[in-house]
Amino acid sequence: MNQFLHSCLPGRALAAERSTLSGRLEASELAPRLAEALARAEPAGTVTYELSFASGPDEAVAVAGRLQASLEATCQRCLQPFVLQLEVPVGVLLEAPTAAHQRG
């Protein structure tokens, strides 16, 4: 499932079926930029996601849901480790590709 999230999701098919994707990722599987933001050599912790897909206006795909994370970070002031708890709502409208994008 994790490999699936990092590739191109079939948004239109998921929206047509009003699908929901949910699961859990290890922070170490996420982009190296996350390690930089957490001030750690390797990201540690977990991210839980639940994303619902629906059809939006003009062939767009609407994605709604939430992300929850429990990540190990380093305090930039005292340099001590701490656990950063996050809960982020997701609300995104993915526009349909234009003719220029479809030609490649």
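Two strands count as paired if DSSP finds at least two bridges between them. Helices (H or I, at least four residues) and strands (E, at least two) are DSSP runs, numbered from the N terminus. With that in hand, let's walk through the structure.

This is a predicted model, in which local features need pLDDT of at least 70, side-chain atom pairs count only at pLDDT 80 or more, and totals for chains, interfaces and linings use all residues. Residues are numbered from 1 along each chain as its sequence is written, and side-chain values use heavy atoms, with hydrogens and water left out.

The protein chain holds 4 helices and 4 strands, and along the sequence they follow the pattern α-α-β-α-β-β-β-α. The 4 strands form an open sheet with antiparallel pairing, in the order β1-β2-β3-β4.

Now follow β3 (residues 61-74), which runs antiparallel to β4 and is joined to β4 by 14 bridges. Here you can find R66 standing opposite P89 in β4.

Finally, consider the whole chain. Of its 104 residues, 27% are buried (under 20% relative accessible area with a 1.4 Å probe, protein chains only). Among contacts (heavy atoms within 4.5 Å) with a separation of 6 or more, 49% come from residues 24 or more positions apart. The accessible surface, from the Shrake-Rupley method with a 1.4 Å probe, comes to about 7200 Å², and 54% of this surface belongs to carbon and sulfur atoms.

Terms used
Buried < 20%, exposed > 50% of the residue type's maximum accessible area, 1.4 Å probe, protein only.
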